[in-house]
Amino acid sequence: MTQQTSVTRKRLLLIALLLIAVAAFFATGAHEWFSLDTLKAYQSDFQAAFERHPWQIAGAFFAAYVVITALSLPGAAIMTLLGGALFGLGLGLVLVSFASAIGATLAFLISRYLLRGPIERRFPGRLAAINRGVDRDGAFYLFSLRLVPVFPFFVINLVMGLTRIKARTFYWVSQAGMLPGTAVFVNAGGQLGDIERLGDVLSPELVASFALLALFPWIARKITRLVQRRKAYQGLERPRRFDYDMLVIGAGSAGLVSAYIGSAVKARVALVEEGEMGGDCLNTGCVPSKALIRAARAAHEVRHAERFGILPGQGTSEPTVDFSRVMAHVRGAVEGVAPHDSVERYTSLGVDVHKARATLVTPWEVDVGGRRVSARHIVIATGARPAVPPLPGIEQARMLTSETLWQLDELPGRLAVLGGGAIGCELGQSFARLGSRVTLIEGGEQLLGREDAEVGEHMAQTLEQDGVTVLTSTRAERISHDDGQRLHLKTAEGEQSVEFDTLLVCVGRRANVEGLGLEALGITTADTGTLELNRQLQTRLPNVWACGDVAGPYQLTHAAAHQAWHAAVNALFGEVKRFNVDYRFIPAVVYTQPEVARVGLNEREATEQGIDYELTRYAMSESDRAMAEGATEGFIKVLTVPGRDKILGATIVAENAGEWLGEFSLAMKHGLGMNKLLGTIHPYPTLGEAAKATAGAWKNAHKPERALALLERYFRWRRGA
């Protein structure tokens, strides 16, 4: 018997016992005792019994109260009045307060054990959002609910059991939060004869008083924030006037979007950039790499044109690659996009652009090329740079990164690529297609380590078909220069070496945080090297924000733009409303051929997070357009909530997958399921039609077999068979 089966049986046994206990409670008529009339009728009997056996009655009362609240049975209010009538305000308050808190915690734990797992699996997105709120405000929120007696006692216990609030936190907050309401009911029990109905205990004025009291935690939190704010700024003098509403450091994707938003709402904005406008994406990342990928794809198409019946002329079918012209094409692409990110464009939008180095002097003042400039809010968007491992001998090697690669004018004959992530795979395939002999080295067990194993395996096969030598589970040890340039490797099988002309390092990126003056202001970094921020992208200094690669956790242009909106809006309008960054629906694409595109969870992440899912798979070899294009490699994998059509994530390995991943992103963002995708008319024949076909495969797996059997019998009857 598996552990999961054992847990399920224990849960079923506990449910059965609880149902038996509840059924017995009502079947024996015990519930009739928990009424105001019964309490008043037998008050004298209860009192006499207590006088004869005070400790036994007190103990029995305490135990009964705990059981009633633990099982969420009706009668807690009557028991509270009885506590006041029997024991008086002092002892009654102690007994009821502890019994109610202990019983509530038991109900909380029962709900957690029986219900949280199944509900988390069925509604993972909703509970994840609730749990984030509980992590942030759980104690405050629960305390407020406990202070207002109009909220049903047992409902709070059961609902909080579904969250991830700690049991000890639930207990002490419940103990403290229920005390005022408990005191009112226990005190009312002393005047039991004057009460005609339970509503008499809580007057509208009293409920209003409790509601005002419930606001106390939120007021206290605001005061705490104010104290923390003053502490953060202790010893610093805030300027009386400011040159700008917002100053943005860095003119990459995140900085440009932040500045654009500020100018769009008529704020006065400064944008400071020491290097090139457009940052990594324009100059050394997205734009040049995609131009290089397109050139490499053209060479690949020439090599394989014969499969479409396009025969080469006399001689070889191998294309002639003029690498200097390839790089001219790459630079031309950068020059074509550059006006979108230029100083002239942003100046025309009303942004003051400063081409200088920026250093924070105070939380409101920045040294900009030797001149001190002030701003109410500062947004740090300084990006990241390629990381270079401390590999012995690397300083003397001909080494390039994704940043310095674009200086090449000659095609490397033998190229060693360190790193099998997105950048390593994209550039490795491109240079192989352009004619380099490429060896790709990855320390992990697979390429694209965040993706499912079959995606990594498919990528390895794709690269090998293009002539790339792929080495996984391989660690670079050192570089020797005795006989040319040689990279020494350690593998599971032993040691080996690879001779190379050029080494391309693609092992990750490090946030640009040096030289900004952050340490002097106490702005800290996380373990990942990115700035330590809250969910509104705020540093420990309330007016200093960050977005883009320097903020993490994603190093994607569209993620940077997503963060930039939040940083700019929170900075400019945070006194009124702030927004938490939502990373649930961030798509990502690896621009190899075929592309790998994903949004939401994959199988690896769902398993790691303990989220149940159903998998629907569609092979691109079934797509009519893919067959016509000769692009049948790849597949679609969609994860859904078991028994429902809600999409948890989608992975596409296919030609131009990034161009039609947006359909799944849109569906997830706006709560559209597989049924909606299936009901959407797609143009035929397109590759994107495979999204609808995947939805059809999901529907086929969930067809109503019983209804179809009845229909079969019905049509047989209609045929007279």
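For the bookkeeping, helices (H or I, at least four residues) and strands (E, at least two) are DSSP runs, numbered from the N terminus. This is a predicted model, where local features need pLDDT of at least 70, side-chain atom pairs count only at pLDDT 80 or more, and totals for chains, interfaces and linings use all residues. Residues are numbered from 1 along each chain as its sequence is written, and side-chain values use heavy atoms, with hydrogens and water left out.

I looked up P553 and found it in the loop between β17 (544–546) and α19 (557–573). P594 sits in the loop between β18 and β19 (595–600).

**Positive phi.** K266 is not a glycine, yet its phi is positive, about 70 degrees. I place K266 in the loop between α12 (253–264) and β2 (269–272). Is K266 buried or exposed? K266 has a relative accessible area of 75%, so it is exposed (the cut-offs are over 50% for exposed, under 20% for buried and partly exposed in between, with a 1.4 Å probe and protein chains only). L537, in the loop between β16 (509–511) and β17, also has a positive phi of about 70 degrees without being a glycine. L537 counts as buried because its relative accessibility is 3%.

**Sheet.** I traced an open, antiparallel sheet of five strands, ordered β18-β19-β22-β21-β20 (strands pair if DSSP finds at least two bridges between them). β18 (588–590) and β20 (614–619) are at the edges with a single partner strand each, so one side of each has no neighbour in the sheet. Between β21 and β22 (residues 647–654) I get six bridges; V638 has A650 as its bridge partner in β22.

**K637.** This lysine lies in β21 (residues 635–640) and is buried at 2% relative accessible area. What does its side chain make a polar contact with? The partner is the side chain of E603, at 2.8 Å (a polar contact is a pair of N or O atoms within 3.5 Å; within protein, one must be able to donate a hydrogen and the other to accept it, and residues adjacent in sequence count only if both atoms are side-chain atoms).

**Helix α17.** I checked burial here too: 11 of its 13 residues are buried, including F431 and R433. Just after α17, G435 has a positive phi of about 125 degrees.
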